Amino acid sequence: MTGAGIGLERLSLNQATVQHLGLEDAVALCVRHDIPAIGLWRAPVAETGLKASAAAVRAAGLHVSSLCRGGFLTRSDPDGRAAALADNRAAIAEAAELGADALVLVCGGLVPGHRDLGLARRLVADAIGELVPEAQRLGVRLGIEALHPMFCADRCVISGLGEAIDLAMTFPADAVGLVVDTYHVWWDARLLDEIARAGPRIVSYQVGDWVLPLPADALLGRGHLGDGVIDFGPISASVTAAGYGGYVEVEIFNAGIWDAPADQTAATVRERFADVLGGGPGKGAADGTPGTARRAGQGRGGPASH
């Protein structure tokens, strides 16, 4: 058990962990296993319908810790760029309707037909700048997620947490923050210093373990907490010390876990969260529980407003 003391009242189940479930079934799963929050994905929300999804989450008493995903902003052709911006504006509106704490941005890989990393990164920065007014208008925070460098070519040219922080800090704090995902950043020698530098810019903390051997599709190389090599204690303690008091999402991409019974997965998620992150009843953040704060009308993000 770590010294971070993150309690089960801060647990959120990212919908990707139970990928085969539709939105309503994922919501019901959280209720059955006393998981107070859920991280939603746009495709299942669209299948259910935006208003119906928001109503289902509210009726279940759940909090939406994030919406995945926006981003993929590295298109240089006018039509592709316009389409990417339109899709991201739609995602911002969806996040607002769902009351999500953040819209996660996976920024996109190299520009099609180009090898120029600088160009791709400039396109990301320019596009986020164009999205900021809409995010501010609707009260949505954009969370830039740094992905592991092995995904730089096709998924995200923002590869280190420090790079994500530098980019976020060029925009207003009420509109742009960053996501700390252990699977993507655990390897970074400067990680703890960068988390401290991020401070209140952290809008989401996602956890999943790095398991060996990696599968052929490295995207699916995540495991339940404790099954891999990540030392979650120092990372979680640093995120807490930086001032993040919101929900902690368990996000696992793993074919075997997807094929397991969903109730088994949810039970394991809850058990490992308690064991690895130091949770359990009454052992959450000292300033209260996110669910209580939300119901009390204190706004998004639980007791510690980002």
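This is a predicted model: local features need pLDDT of at least 70, side-chain atom pairs count only at pLDDT 80 or more; totals for chains, interfaces and linings use all residues.
1. Residues are numbered from 1 along each chain as its sequence is written. Local features need pLDDT of at least 70, side-chain atom pairs count only at pLDDT 80 or more, and totals for chains, interfaces and linings use all residues, while side-chain values use heavy atoms, without hydrogens and water.

2. Helix α4 comprises residues 78-98, helices being DSSP runs (H or I, at least four residues) numbered from the N terminus. Its 21 residues should span 30 Å at 1.5 Å a residue, and the end C-alpha atoms are 30 Å apart, which agrees; the expected span is 1.5 Å times one less than the number of residues. Gly-99, with a positive phi near 70°, follows α4.

3. The axes of α3 (residues 50-60) and α4 come within 9 Å and cross at roughly 30°; axes are lines fitted to C-alpha atoms over the stretch in contact, with angles from 0 to 180 degrees between N-to-C directions. The two helices are therefore roughly parallel (under 35 degrees). In α4, Glu-94, Glu-97 and Leu-98 meet α3 residues, among them Leu-50 and Arg-58, contact being heavy atoms within 4.5 Å.

4. Helices α6 (residues 161-168) and α8 (residues 191-198) have axes that come within 9 Å and cross at roughly 15°; α6 and α8 are therefore also roughly parallel to each other. Leu-161, Gly-162, Ile-165 and Asp-166 of α6 meet α8 residues including Leu-191 and Arg-197.

Terms used: Angles under 35 degrees count as roughly parallel, over 145 as roughly antiparallel, 65 to 115 as roughly perpendicular and the rest as oblique.
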